[in-house]
Amino acid sequence: MKINWADEIKKDLKDVGKNLTLSQECQHYNGAMTGVVNRYKSEVAAWYDDNNPKENGFSTTTQNLWYEHFLNKKRLSARKIGVHYEYMHPTQFPKQDNQRLPFFSYAHDGKNMICTVKDSVFYKKVWYRNRKILWTEEPSGKEGYYYIMQSRSVNGGYICPNCANPGTLESMIDGCDYCGTKFHLEDFKEKISCFYLSRSLTGSRNRNPAKLAVIPVVWAILGLYILNMLGYIGVNTTPAWIVLIVGFLLIIITMEILNSTRGASHSTITKNKIRTVDPHFSEEYFVSNLTNKLLSIHYAENADEIRPFAMCDLSRHIKSYQDVIECSLTNYLLKDFFTDENWQHLKVVVELRLRRDAGGTLRDEKENLTLHLIKNVNLKTAAVSDAVAYACRGCGASLSLLNGGKCQYCGNELKLYNYDWVVKEYRVK
């Protein structure tokens, strides 16, 4: 009898707070996921050090995440900028007695088993040109998240990543018996679909109200002290000044608190709307997957390179991004969701941090986007088929984003909206 290892892992994680132990099977799987994360770290460091990177330089990533790295490397090379990781600490498992992380959680989206590995991130990343350091990033101790996916059924058996037809691994290697899609053995290994630092999901919408009060209160105390030193606050007028300033501060703090919670509650309302249609919807996975696409758009040399991601003309925007060498999502808001006869529609507002090449140095700036995303109304799973490969609907061959998703055998083009969200409208605010 097959063991339902997904349920076993969830049960172990639920009980871990009680007995502080994990079953041997859960320990084994957590160790395997740690190995995937550390192989990915090694591949990232080697990728940016290599002057002649291979087209398929990552064995540990989904196509979307690999493509983001591929376009980023092309952009850096075009601007003669090198990137080097001076160090990147591996994820430790089993963890030491005094370590809280890494933490492992598991879910199933209807097609793929998804493992989230949360860990403290320690690395030093250096951008340089002509042996001159342009920028250094060192997020020591920040929390990072790795999403790892594998096309497996809930009971642990293998399924076709394209149509979810169950079968043995041996039967899948020479093609799915149901849809005919062809696969390689590596396609059925665990794949990292995204990595992001905690700042990606902890922007202004989640700020702590207590922290919001600190800055204005400090400025108020400093202002009162200076005014008193200069003699502008007399003995009789001090209470009036204090009442005025405290009242002003309360208004600012109240507005900030309302603003910081409004975005989170609005996103929750929209998320609940989506889940009436797609019960497996994961907000975190959606945001990280969207980030992969937005980064690819910012690193693209021309519109053809990101043609599968958009149903609108992004040429003008891509032209303005030609000096962007680093990009990250810092905040977002799920504005609205609705469906019609053919499509699911999702409107999103995102805030990005762009790092531009300014010649002798790099320059950071913010960008705010309003996006209208669509996907096939019948597509119900959150993580779609990105775990392995996109398949040609004409002949079943695997499709690559490298040539814009065009099948090399029959010429059919990838219709990404049958797998995932694509951009229908893209506006820079």
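This is a predicted model: local features need pLDDT of at least 70, side-chain atom pairs count only at pLDDT 80 or more; totals for chains, interfaces and linings use all residues.
Stop 1: A cavity here is a set of points, on a 1 Å grid over the protein atoms alone, where a 1.4 Å probe fits but cannot get out; lining residues have an atom within 4 Å of a point. Points are joined across faces, edges and corners, and the volume is the space filled by probe spheres set on them. The structure holds 2 cavities of 30 Å³ or more.

**Stop 2: helix α7.** Now pick residues 283-299, which form α7. Helices are DSSP runs (H or I, at least four residues), strands likewise (E, at least two), numbered from the N terminus. α7 gives the largest share of the lining of the largest cavity, 6 residues. Of its 17 residues, 16 are buried (under 20% relative accessible area, 1.4 Å probe, protein chains only).

**Stop 3: the core.** Show Phe286, Leu294, Val350 and Tyr426, which touch the most other members of the 77-residue largest nonpolar core. Such a core is a set of buried Ala, Val, Leu, Ile, Met, Phe, Trp, Tyr and Cys residues joined through side-chain atoms within 4.5 Å. Its largest share, 8 residues, comes from helix α2 (residues 24-49). Apart from it lies another core, of 7 residues, including Ile114, Met149, Tyr196 and Tyr285.

Centre on Leu294 next: leaving out residues up to four places away in sequence, Leu294 touches Leu329, Val350, Leu352, Leu369, Leu371 and Tyr426. Contact means heavy atoms within 4.5 Å.

**Stop 4: Leu346.** Finish in strand β11 (residues 343-357), where Leu346 sits. Leu346 is buried, at a relative accessible area of 0%. Beyond its neighbours within four places in sequence, its contacts include Thr270, Ile274, Phe286, Asp336 and Trp421. Draw a distance to Val423 too: that residue is 77 residues from Leu346 along the chain, and their C-alpha atoms are separated by 9.7 Å.

Note on methods
Residues are numbered from 1 along each chain as its sequence is written. Side-chain values use heavy atoms; hydrogens and water are left out. Buried means under 20% relative accessible area, exposed over 50%, partly exposed in between (1.4 Å probe, protein chains only). The expected span of a helix is 1.5 Å times one less than its number of residues. On a 1 Å grid over the protein atoms alone, a cavity is a set of points where a 1.4 Å probe fits but cannot get out, and a pocket is an open set with protein on both sides within 12 Å along at least five of seven lines; lining residues have an atom within 4 Å of a point.
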